[in-house]
Amino acid sequence: MAGIHADRQILAVIPARGGSKGVPRKNVLPLAGKPLIAHTILAARESSLISRVVVSTDDAEIAAAARDAGAEIVWRPADLAGDMAKSEDAVLHVLGELESNEGYSPEITVMIQCTSPLTAAEDLDGTIGKLIDADADTALAVTAFHYFLWQNDAEGEAIAVNHDKSFRLMRQQRTPEFVETGAVYAMRTARFREVKHRFFGKTVLHETPPERRLEIDEPEDFRVAEERFGRLRRSREAALPARPSAIMMDFDGVFTDDRVFVSETGEESVVCSRRDGMGIERLRGLDIPMVVISKEQNSVVAARCRKLRLEHHHGIDNKLALARDWFADRGIDPKNAIFVGNDRNDVECMTFVGTAVAPRDAHRSALDAADIVLDADGGRGAIRLLADMIEAKQAGDH
């Protein structure tokens with residue numbers, strides 16, 4: 001899907017005003033180690049179709065959290081930030097600001113609710129892709145609905161809403177019904193700006209897993225969300241081999257944040273995380289062979305690896321050939337090994353080993369090849385998180 005639609009300008013807008021009544025300050029309250037709003041921003045950034053992510057807010061704390069998660073900010077005026085403000089109005093304001101300030105007008109606009117933290121990149125891509133593939137005007141995320149609805153009439157008598165109370169069909173006999181998740185809406189921008197409503201023209205549905213349908217409205221919803229994030233984390237740990245035979249790692253974008261700083265004399269430096277250094281130390285304590293294979297011909301790779309006491313090979317154009325030889329020379333089975341990569345030139349190695357791992361901010365090609373996408377960016381604790389997951393996996397096996 002990414003290759004087909006990647007040339008389109010698709011804008012994600014996340015409305016997030018500061019005046020929440022049900023759960024005060026909910027958009028910045030911590031959930032699974034991040035502010036609530038960060039979860040939808042990160043899902044949008046991981047999308048293979050979305051070109052740009054903007055948060056509409058009137059609140060400085062929300063804006064700071066959104067920027068930290070990688071979103072742009074469009075400040076919302078006070079008259080669009082009250083209790084009765086509609087999400088559509090916030091999105092329309094963003095579109096107007098971007099057009100007047102930059103001449104920017106995307107083909108498709110996606111409205112994402114920041115109160116649905118379990119929304120995944122595939123939910124976004126699926127909804128957008130359904131709109132494009134069906135040549136529709138609007139699309140929304142839904143989940144299957146199998147319940148019988150009732151309501152009271154004016155006299156207080158119960159009336160069946162979506163079924164005949166005198167004849168109860170079995171589930172497989174009923175016409176499928178769907179409930180709106182409230183998480184994702186995709187719209188053709190030009191027509192949306194005319195009608196000023198999220199539903200118009202031909203509307204299509206994208207069905208998402210029911211376990212990801214959750215909207216944070218009450219304090220109890222945070223507890224439910226934490227439990228579901230815990231299950232997701234455990235499912236990622238389950239994908240790891242019980243006893244990894246080895247761990248191979250790229251350097252740039254894994255140990256670093258993929259930036260390079262160049263001095264006026266041409267000397268290069270990078271940013272690494274001390275947390276990752278501790279992660280390597282923890283993995284060494286588990287007696288797991290480790291090696292770094294990097295395409296970069298830079299002394300900084302060797303310097304950092306020497307400090308971490310890691311075997312390393314840099315300036316390598318054919319990583320797969322070196323990986324094959326490395327495993328063969330040591331008699332290690334690659335089917336039980338892990339490769340951590342972040343870009344196209346890592347994909348061959350990622351598919352060669354048993355378990356492919358990628359940092360959260362890796363290139364889409366590496367994310368697509370990954371069995372596990374870490375909930376951390378390269379150079380910002382990704383290796384430490386992997387070490388924690390391996391330790392937890394081994395502790396659970398005892």
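The side chains of glutamate 72 and arginine 52 form a salt bridge with an N to O distance of 2.7 Å, a salt bridge being a side-chain nitrogen of Lys or Arg within 4 Å of a carboxyl oxygen of Asp or Glu. Glutamate 72 belongs to strand 5 and arginine 52 to strand 4 (residues 52-57), so the pair ties together parts that are 20 residues apart in sequence. The model is predicted: local features need pLDDT of at least 70, side-chain atom pairs count only at pLDDT 80 or more, and totals for chains, interfaces and linings use all residues. Residues are numbered from 1 along each chain as its sequence is written, and side-chain values use heavy atoms, with hydrogens and water left out.

**Salt bridges**

- At 14% relative accessibility arginine 52 counts as buried, whereas glutamate 72, at 33%, counts as partly exposed; buried means under 20% relative accessible area, exposed over 50%, and partly exposed in between (1.4 Å probe, protein chains only).
- Arginine 17 and aspartate 83 also meet through their side chains in a salt bridge, at 3.4 Å from N to O. Arginine 17 lies in the loop between strand 1 (10-15) and strand 2 (30-31), and aspartate 83 in the loop between strand 5 (72-75) and helix 4 (87-102), so this pair ties together parts that are 66 residues apart in sequence.
- Both partners count as partly exposed, arginine 17 at 22% relative accessibility and aspartate 83 at 46%.
- Within helix 7 (residues 219-238), arginine 223 and glutamate 227 are four residues apart and are thus separated by about one helical turn. Their side chains meet in a salt bridge of 2.3 Å, N to O.
- Arginine 223 is partly exposed at 41% relative accessibility, as is glutamate 227 at 39%.
- A network of salt bridges links Arg8, Glu107, Asp135 and Arg188.
- The count of salt bridges by this rule comes to 26.

**Helix 5**

- Helix 5 (residues 121-133) has 13 residues and reaches 18 Å from its first C-alpha to its last, close to the 18 Å expected at 1.5 Å a residue; the expected span is 1.5 Å times one less than the number of residues.
- Aspartate 135, which follows helix 5, has a positive phi near 50°. Asp135 is also one of the residues in the salt-bridge network.

**Negative surface patch**

- Asp258, Glu268, Glu296 and Asp361 gather in a surface patch of negative charge. Patches are made of residues with over 30% relative accessible area and no salt bridge, like charges being joined within 9 Å.
- Aspartate 258 is placed in the loop between strand 12 (247-249) and strand 13 (261-262), and is partly exposed with a relative accessible area of 46%.

**Strand 14**

- Serine 269 lies in strand 14 (residues 268-269) and is partly exposed, with a relative accessible area of 34%.
- From C-alpha to C-alpha, serine 269 and isoleucine 280 are 21 Å apart in space, and they are 11 residues apart in sequence.

**Overall architecture**

- The protein chain has 13 helices and 19 strands, where helices (H or I, at least four residues) and strands (E, at least two) are DSSP runs numbered from the N terminus.
- The C-alpha trace spans about 80 × 55 × 40 Å along its principal axes.
- Of the 398 residues of the protein chain, 50% count as buried.

Technical notes. Patches are made of residues with over 30% relative accessible area and no salt bridge: like charges are joined within 9 Å, nonpolar side chains (Val, Leu, Ile, Met, Phe, Trp, Tyr) within 5 Å. Accessible areas come from the Shrake-Rupley method with a 1.4 Å probe; for residues, only the protein chains shown count as cover. Lys and Arg count as positive and Asp and Glu as negative; His and the chain ends are not counted. The place of a charge is taken as NZ of Lys, CZ of Arg, CG of Asp or CD of Glu.
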